[in-house]
Amino acid sequence: MNSDIEQLKKKIIYRSNYRGTKEMDKLLGAFTNAYINQLNEKDLLDLQKLLNFEDEDIFNFYKGLNTNIEFEENNVNSLFKKFKYVVD
């Protein structure tokens, strides 16, 4: 089971850092790196769901703008909305 969670974490880390746009690579990569080791299995699955959305929808959700997608209320989405990304 533990190796399954580690595999899931690796997939999430990869997916969050290789999105297609550099801006989302940085935003989602920073968020994932900040929280990945604090998340339980349910949270990891919720993060995986978040990463399946299109970059534009995720960015609009992050910024509080309108999206065509209804994002679930869960721990990960709440953490993501509150996440303060500092441009390096």
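The structure is a predicted model.

The chain contains five helices and zero strands, and its elements follow the order α-α-α-α-α from the N terminus. Its radius of gyration is 12 Å, close to the 12 Å that the globule rule gives for 88 residues, so the chain is as compact as a globular protein of that length. The C-alpha trace spans about 40 × 30 × 20 Å along the principal axes of the chain. Among contacts with a separation of 6 or more, 56% join residues 24 or more positions apart.

Of the 88 residues, 39% count as buried. The accessible surface of the chain amounts to about 6,000 Å², and carbon and sulfur atoms contribute 49% of this area. Charged side chains comprise 13 positive and 15 negative groups; the centres of the two sets are 4 Å apart.

Helix α2 covers residues 22–35. At 1.5 Å a residue, its 14 residues should span 20 Å, and the end C-alpha atoms are 20 Å apart, which agrees with that expectation. The buried residues of α2 are Met24, Asp25, Leu27, Leu28, Gly29, Phe31, Thr32 and Tyr35. An α-helix has 3.6 residues a turn, so residues three or four places apart point the same way. Cover for the buried residues of α2 includes α1 (2–17) and α3 (41–51), together with α4 (55–63) and α5 (75–82).

Key
Residues numbered from 1 in each chain as written. Predicted model: local features only at pLDDT ≥ 70, side-chain atom pairs only at ≥ 80, totals over all residues. Heavy atoms only, no water. Helix = DSSP H or I, 4+ residues; strand = E, 2+ residues; numbered from the N terminus. Rg over C-alpha atoms; globule rule 2.2 N^0.38 Å. Buried < 20%, exposed > 50% of the residue type's maximum accessible area, 1.4 Å probe, protein only. Contact = heavy atoms within 4.5 Å. Areas by Shrake-Rupley, 256 points an atom, 1.4 Å probe, with all protein chains shown as cover. Lys, Arg positive; Asp, Glu negative; His and termini not counted. Charge placed at Lys NZ, Arg CZ, Asp CG, Glu CD. Expected span 1.5 Å × (residues − 1).
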